[in-house]
Amino acid sequence: MEALEPRRGRPRKFSAPSRAVTLTLPEHVIAALGAVDSDLSRAIVQLTQPTLGMTPKPAAELSRFGNHAVIVVTPTRALAERTGIEFVPLPDGRALISFRQAMTIAELELLIEDAVDDHRLSTSDHAVFEALAGILRSARRSNDVTLLQRNIIVLEAHRGKPRKARAKN
């Protein structure tokens, strides 16, 4: 899994190929970009995402930060129904993977591999399952990568439903 192997030097800021550029910008634009993100290059990338969102994204890919990465997928009903995955939406229409109930990475990989073999899947669903299976398989076989499970915090909106009374301790 070459994509996560340790590299010398500074960690990559972006998962896509990138290069340094020099810009001359008005002070008020620099201030506005700084309000989006203190790192101006990340602010520019974030602001251009809606335009970039028009280009097709891989069905599943790694999003890296330093020596960690998460899997970002195109959410599909089939993936949620067959694996119990719940999606945490991202601004570009893709999603992170989360689980409501306990599931090991090995159990998830087995469910995904079984689905890849199901010829009833649509072409787009098959692409998501195949890409996800490839990422997990490659990581599992790598001597330089460790698969870790982490917890995330998800806020769920209750539209039109009254809040349950909180228990007092």
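The following legends describe close-up views of a predicted model.

**Figure 1. Confidence along the predicted protein chain.** The mean pLDDT of the protein chain is 83, and 84% of its residues score at least 70. Confidence is lowest in helix H2, residues 40–52, where the mean is 81. Helix H5 has the highest confidence, at 93.

**Figure 2. The open sheet of four strands.** The strands are arranged in the order E1-E2-E4-E3, and their pairing is antiparallel. Strands E1 and E3 (85–89) lie at the edges, each pairing on one side only. From one strand to the next, the twist averages 50 degrees. Strands of a sheet pair through backbone hydrogen bonds, in either a parallel or an antiparallel manner.

**Figure 3. The hairpin of strands E1 and E2.** Strand E1 comprises residues 60–65 and strand E2 residues 68–73; they pair in the antiparallel sense over six bridges. Two residues separate the strands of this hairpin. Gly66, located in the turn, has a positive phi of about 60 degrees.

Figure 4. Strands E2 and E4 run antiparallel and are joined by two bridges. Val73 has Ala95 of E4 as its bridge partner.

**Figure 5. The pairing of strands E3 and E4.** Five bridges connect E3 with strand E4, residues 95–99, and the two run antiparallel. Phe87 is positioned opposite Ile97 in E4. E3 is an edge strand of the sheet and pairs on one side only.

**Figure 6. The packing of helices H1 and H2.** Helix H1, residues 27–36, packs with H2 at an angle of about 80 degrees, and their axes are 8 Å apart. Because angles of 65 to 115 degrees count as roughly perpendicular, H1 is roughly perpendicular to H2. H1 contributes Ile30, Leu33, Gly34 and Val36 to the contact, while H2 contributes Leu40, Ala43, Ile44, Gln46 and Leu47. By class, the contact of H1 with H2 has seven nonpolar and two polar residues, with no charged residues.

**Figure 7. The crossing of helices H4 and H5.** The axes of helix H4 (residues 105–116) and helix H5 (residues 123–141) come within 9 Å and cross at roughly 140 degrees. That angle makes H4 oblique to H5. The crossing of H4 and H5 is left-handed. On the H4 side, the contact is made by Ile105, Leu108, Glu109, Ile112, Glu113, Ala115 and Val116. On the H5 side, the residues are His126, Phe129, Glu130, Leu132, Ala133, Leu136, Arg137 and Arg140. The contact of H4 with H5 comprises nine nonpolar residues, one polar residue and five charged residues.

Key:
Residues numbered from 1 in each chain as written. Predicted model: local features only at pLDDT ≥ 70, side-chain atom pairs only at ≥ 80, totals over all residues. Heavy atoms only, no water. Axes fitted to C-alpha atoms, helices over the stretch in contact; angles between N-to-C directions. Parallel < 35°, antiparallel > 145°, perpendicular 65-115°, else oblique. Left-handed = near helix turned anticlockwise from the far one by under 90°. Contact = heavy atoms within 4.5 Å. Nonpolar A, V, L, I, M, F, W, Y, C, P; charged D, E, K, R; others polar. pLDDT = per-residue confidence, 0-100. Pairing = 2+ DSSP bridges.
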